[in-house]
Amino acid sequence: MTRARFLFLFPALFVLLWSTGWIVAKYASPYAEPLSFLTLRYTLAGLLLAAFCFALGATWPRRKLLVHAIFSGVFLHAIYLGGIWWVLDQQMPSTLSGMMAALQPLMTAVLAGMIVGEQISARQWTGFALGFAGLMVALAPRLAADLAGAGGVGDSWTLLIGVNFVSMISVVIGTLYQKKFLQKGDLRTITTLQYLGAFLATLPAALLLEEFRFSWTPQLYGALAWSVLALSLGAVGLLVILIREGEVSRAAALIYLIPPTIAVQAFLAFGERLTPLEMGGMVLTVFGVYLVSGKRRKLHSTHL
């Protein structure tokens, strides 16, 4: 298989692995506090990668690139995963949180336009509107059920959705930041330093908000192993390769596959079901993302 054909498979493999993050977070929730789990996950992933880098004699970045690598890890991992894992620990359904991931390409389009001066076409603005409308349709039944059950304004849902939204913005910023500042250097050592940044940001939050309680069951060991090997090393490794190879737009276009993938996984793992209205909203969001994923005309020659 040629290198080009091999890279062509990366986006689909990335989405398949990335989508399992919601399931693993939900699965691990009864056995570990979210930020404590992530602190341990970053530690193990960083140590494994560091050992790998030293064994192979990988080149470590110098001061400026080193700082960029550590800082990008705060967005790509600490804020993004910290928010997702926290809302899932607060009993937000994984399918609902996953549906919000469909907005990631939309956010990428907005921020990329602001940063590099890309013009958004009428077709893409239509996609923005349809994607947002689809999300609201998908959220409405669960929001209504929460309001009815709480007998009040449902402030908890506002907080959970807000945190989830901030998490999505964070990963978009992280990918754009990596594209702008980390196009050079050894990806192995850069990824290692990103986990150092994630660890340095997450540890204080975990110490402040949690008690580092773990129930060391086979389920927790399994969730930790999958999180470190398949997600932190596998999925994240694919992401940084896609960004470096200029395939981030293709990965963003495929992000629309995450919500239905999570829905299938959540059904198999937890019995979570989608109503016809939620499914219709998800399809509308998918179509909106599809419209936005078209090519945009650049106004400037500046590149990320």
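**Exercise 1: salt bridges**

D186 pairs with R188 in a salt bridge, with 2.7 Å between the closest N and O atoms. A salt bridge here is a side-chain nitrogen of Lys or Arg within 4 Å of a carboxyl oxygen of Asp or Glu. This is a predicted model, where local features need pLDDT of at least 70, side-chain atom pairs count only at pLDDT 80 or more, and totals for chains, interfaces and linings use all residues. Residues are numbered from 1 along each chain as its sequence is written, and side-chain values use heavy atoms, leaving out hydrogens and water.

Task: How many salt bridges does the structure hold? Work out how exposed D186, R188 and E211 are.

Step 1. The structure holds two salt bridges. R213 and E211 form one of them, at 2.2 Å from N to O.

Step 2. Check the cut-offs: buried is under 20% relative accessible area, exposed is over 50%, and partly exposed is in between (1.4 Å probe, protein chains only).

Step 3. D186, at 18%, is buried; R188, at 32%, is partly exposed; E211, at 57%, is exposed.

**Exercise 2: a helix pair**

Task: Are helices α2 and α8 roughly parallel or roughly antiparallel?

Step 1. The axes of α2 (residues 34-56) and α8 (residues 187-209) come within 8 Å and cross at roughly 155°. Axes are lines fitted to C-alpha atoms, for helices over the stretch in contact, with angles from 0 to 180 degrees between N-to-C directions. Helices (H or I, at least four residues) are DSSP runs numbered from the N terminus.

Step 2. Angles under 35 degrees count as roughly parallel, over 145 as roughly antiparallel, 65 to 115 as roughly perpendicular and the rest as oblique. So α2 and α8 are roughly antiparallel.

Note on methods
Helix = DSSP H or I, 4+ residues; strand = E, 2+ residues; numbered from the N terminus.
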